[in-house]
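Please report on the fold, the core and the surface of this protein chain. Keep it brief.

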Amino acid sequence: MTTHSTAPAQYAPAPGWPELADVDLLRTLVETERRRRRLDAAMRAAVAEAERRGLAVDTGYRDTAELLTDLLRISVQEARRRIEFAIPQGRPRARKVWKVLAAAS
């Protein structure tokens, strides 16, 4: 494994992957994942806010899925998936909790 650095990870050129030192490739993997997570969080927040505002209807779309499909050029399935992940869902209580509550009453 090559451990000496040949370039900062954020400047690693795509055509130069074969020449990139192992340590720089590892840094690139970590940095890229960190950025991807930040972008995912920003997208979830933006989708949730668009849904909360009713932006789709206000801009002439039937719903947020249709808005995202047209605006982002993604499939309806992908748009629905993003909406599902963006909107906080109430966590259902486990059956055991309900049994404990029933026994306590």
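## Surface and core

Trp-17 lies in the segment before H1. The model is a predicted one.

Ala-41 belongs to helix H1, which spans residues 22-53. Its C-alpha atom sits 8.8 Å from that of Ala-86, 45 residues away along the chain.

| Residue | Location | Relative accessible area |
|---|---|---|
| Ala-41 | helix H1 (residues 22-53) | 35% |

The largest nonpolar core holds nine residues: Val-47, Ala-56, Ala-65, Leu-67, Leu-68, Ile-74, Ala-79, Ile-83 and Ala-86. At least two residues of this core come from each of helix H3 (64-72) and helix H4 (76-86). Leaving aside residues up to four places away in sequence, Val-47 touches Leu-68, Arg-82, Ile-83 and Ala-86. Nonpolar side chains tend to be buried together in soluble globular proteins.

Next, the whole chain. The protein chain contains five helices and zero strands. Along the sequence, the pattern reads α-α-α-α-α. Of the 105 residues, 20% are buried. The chain exposes about 8500 Å², with 58% of that area supplied by carbon and sulfur atoms. Among contacts between residues at least 6 apart in sequence, 21% join residues at least 24 apart.

Key: Residues numbered from 1 in each chain as written. Predicted model: local features only at pLDDT ≥ 70, side-chain atom pairs only at ≥ 80, totals over all residues. Heavy atoms only, no water. Helix = DSSP H or I, 4+ residues; strand = E, 2+ residues; numbered from the N terminus. Buried < 20%, exposed > 50% of the residue type's maximum accessible area, 1.4 Å probe, protein only. Core = buried A, V, L, I, M, F, W, Y, C linked by side-chain atoms within 4.5 Å. Contact = heavy atoms within 4.5 Å. Areas by Shrake-Rupley, 256 points an atom, 1.4 Å probe, with all protein chains shown as cover.
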